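Work through the exercises below with the model open. Try each task before you read its solution.

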Number of protein chains: 2
Amino acid sequence: MATSVRGGGFVLPPAAAGRSFSSQSNLLSNRLLLLPKIGPVCAPRFCKLRSSSPFAVEPSATIIDGKAIAQQVRQEIAAEVSKMKESVGKVPGLAVILVGTRKDSETYVRSKKKACEEVGIDSYGVNLPEDTTQDEVLNFVKKFNDDPAVHGILVQLPLPKHISEEAIVGSVCIEKDVDGFHPMNIGALAMQGRTPLFVSCTPKGCIELLVRTGVVIKGKHAVVIGRSNIVGTPAALLLQKQNATVTVVHSKTPNPAEVTRNADIVIAAVGVPELVRGDWLKPGAVVIDVGINPVEDLSTKKGYRLVGDVCYKEACQVASKITPVPGGVGPMTIAMLLSNTLESAKRAYGLVDAAP
Amino acid sequence: MATSVRGGGFVLPPAAAGRSFSSQSNLLSNRLLLLPKIGPVCAPRFCKLRSSSPFAVEPSATIIDGKAIAQQVRQEIAAEVSKMKESVGKVPGLAVILVGTRKDSETYVRSKKKACEEVGIDSYGVNLPEDTTQDEVLNFVKKFNDDPAVHGILVQLPLPKHISEEAIVGSVCIEKDVDGFHPMNIGALAMQGRTPLFVSCTPKGCIELLVRTGVVIKGKHAVVIGRSNIVGTPAALLLQKQNATVTVVHSKTPNPAEVTRNADIVIAAVGVPELVRGDWLKPGAVVIDVGINPVEDLSTKKGYRLVGDVCYKEACQVASKITPVPGGVGPMTIAMLLSNTLESAKRAYGLVDAAP
């Protein structure tokens with residue numbers, strides 16, 4: 001019997017993990033223990049999850065339908081793009097740079113281009129071979145930086161190892177950094193009295209889900225689990241900008257369950273399947289689950305299914321509102337990418353006074 | 001009898017403020033209520049503080065002697081400057097730009113120059129009249145940006161109202177931003193895997209006090225009270241980079257006392273005299289008090305005395321370690337400015353491999 005439980009960098013000492021420890025122990029004594037930390041969106045990896053749950057009653061939480069909300073956002077964007085075309089004769093343009101042939105990256109890039117098409121945004125793509133040099137990628141970024149028809153530049157991550165992500169992301173001019181990953185945008189997000197030109201798409205999508213389902217953020221205690229540059233950190237900064245009191249829980253937090261139980265709003269973005277159990281939550285908490293983790297499920301055709309960072313069945317009994325996986329945050333990310341591209345084009349054509 | 005209590009933007013509903021409310025109420029029913037939010041270092045303003053305290057026993061906390069630690073840091077810097085002079089024949093240079101004739105700003109600038117002298121750092125100063133235009137200030141920044149003998153540029157804040165602080169701070173090249181106020185430096189501080197070239201002096205001083213007094217930060221719960229760009233926000237980001245679990249309490253937090261009671265480490269940087277009472281603290285907490293607030297005291301020659309954001313007498317009974325005011329964080333700020341200038345010069349002369 002293990003004396004500590006690991007998952008995606010999280011080490012939960014039995015005493016600190018409290019009531020959830022026994023179930024964590026069951027959960028994590030299987031192959032999940034061997035899983036490296038995986039991002040909120042990742043290629044299929046296989047692991048087993050126990051199928052039984054101590055929570056057997058009907059769920060009480062309202063399901064936040066990310067798919068429907070994203071659809072609504074896209075319709076609004078399509079209407080604005082159409083209006084822009086009428087008023088200035090131009091539409092927004094998004095350039096996507098893909099290096100290599102990762103299947104998941106190719107799928108994401110295809111989805112993004114398709115989404116652009118559907119709302120009337122022009123997409124410009126370049127698919128580069130795996131062995132492209134850093135300088136060659138930088139040249140493509142420069143080309144798109146200089147192209148007035150391009151209002152957003154997205155470099156699909158991860159990049160091959162011989163290319164510095166920091167150098168490439170930092171080379172995108174901040175006026176076209178629709179991913180919001182540039183340190184200048186993160187800095188402005190962190191600072192009082194500053195407004196970033198762009199907010200990263202997934203965190204922006206999380207806040208949009210809260211706002212569009214009538215969740216008040218101001219004055220609430222929010223706990224963000226995970227502190228990645230693309231989700232956790234900007235989500236925490238964004239919640240604080242909206243006047244929540246924010247705590248960031250991470251792999252070095254000895255008592256994540258205890259800290260999370262203080263939260264009115266939980267954003268889980270850590271990439272560990274079902275880490276957040278029902279008893280990590282305060283009754284009535286609102287739960288936004290960013291995780292999309294494939295776990296082995298031989299009963300399905302593909303042999304796996306997707307679960308979030310939150311144990312959905314258990315959380316449904318405790319939370320007041322919750323996002324499902326899939327169909328929660330996922331669809332919002334691309335919708336927010338379109339939204340950022342539209343905003344950028346509006347700024348370029350003088351259709352807005354200032355940053356959003 | 002007021003039903004809510006205000007101070008520096010903080011509104012504490014009676015129920016949320018808990019046991020501290022009655023004393024808060026006594027404290028804040030006087031002229032403090034009328035005080036606008038003031039920075040951690042400010043010109044004298046006058047207000048009354050009650051002199052009695054429910055805590056009458058001897059203090060148990062160890063006093064963190066910021067003056068002695070700052071002195072030690074300065075000696076280390078002096079030794080390094082001396083070594084630099086021997087090895088490359090150069091010393092670090094700090095340029096200070098002062099606009100206007102604010103008495104407090106003039107005092108700070110004088111202190112900074114004197115501190116430079118004492119450790120062998122060259123200081124370059126320019127005192128500009130109140131009606132200097134923004135372009136003129138920008139020209140001086142540019143001149144110092146281009147001067148290889150200058151390794152740090154400090155624009156004394158606040159600037160006159162007709163000059164944009166954002167424009168001036170943003171014009172300092174990030175390699176010389178020894179104040180660490182540039183959004184690129186704040187962004188890098190917030191991001192995983194990035195190291196800012198400089199960390200703002202006061203937050204850096206707070207962490208230095210913790211480290212030099214043997215306080216373990218990793219895995220601890222830290223609460224930062226206040227979210228200013230110059231102290232609260234960078235302090236929170238820095239604590240998180242050191243692997244604390246961090247919560248930021250601010251003026252929209254409905255239950256600051258309750259949240260602060262979870263903290264192993266408290267950094268108070270809100271500019272409200274004695275806001276943090278003894279019962280806001282968990283027994284054994286470490287308290288770093290950044291506030292320097294003048295309060296009316298007719299028994300003193302000047303008619304006022306300085307108090308922190310923490311009620312020192314009460315906190316001493318509960319905390320394990322605490323900084324006094326004055327003599328705590330204050331002396332560390334200038335020491336860290338010297339430290340940042342030294343680091344910058346070391347980078348310029350190739351005496352270090354990377355950012356600190």
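Axes are lines fitted to C-alpha atoms, for helices over the stretch in contact, and angles run from 0 to 180 degrees between N-to-C directions. Helices (H or I, at least four residues) and strands (E, at least two) are DSSP runs, numbered from the N terminus. The model is predicted: local features need pLDDT of at least 70, side-chain atom pairs count only at pLDDT 80 or more, and totals for chains, interfaces and linings use all residues. Side-chain values use heavy atoms, without hydrogens and water.

**Exercise 1.** Find how the axes of helix 8 and helix 12 of chain A cross.

Solution.
- Locate helix 8 (residues 201-212) and helix 12 (residues 330-348) of chain A.
- Their axes come within 8 Å and cross at roughly 105°.
- Roughly perpendicular covers 65 to 115 degrees, so these two helices of chain A are roughly perpendicular to each other.
- Contact means heavy atoms within 4.5 Å. Helix 8 of chain A contributes residues including Cys201(A), Lys204(A) and Leu209(A), and helix 12 of chain A residues including Met332(A), Met336(A) and Asn340(A).

**Exercise 2.** Is His151(A) buried or exposed?

Solution.
- His151(A) lies in the loop between helix 5 (134-146) and strand 6 (152-155) of chain A.
- Its relative accessible area is 2%.
- Buried means under 20%, with a 1.4 Å probe and protein chains only, so His151(A) is buried.
- Among the residues His151(A) touches are Val91(A), Glu175(A), Ser344(A) and Tyr349(A).

**Exercise 3.** Which ring does Arg347(A) lie over?

Solution.
- Apply the rule: CZ of Arg or NZ of Lys within 6 Å of the ring centre and within 35 degrees of the ring normal.
- Arg347(A) lies over the face of Phe198(A), 4.8 Å from the ring centre.
- In chain B, the charged end of Arg347(B) sits over the ring of Phe198(B), at 4.8 Å from its centre.

Methods
Residues are numbered from 1 along each chain as its sequence is written. Chains are lettered from A and ligands numbered from 1 in the order in which they are written. Angles under 35 degrees count as roughly parallel, over 145 as roughly antiparallel, 65 to 115 as roughly perpendicular and the rest as oblique. Buried means under 20% relative accessible area, exposed over 50%, partly exposed in between (1.4 Å probe, protein chains only). Lists of a residue's contacts leave out its neighbours within four places in sequence.
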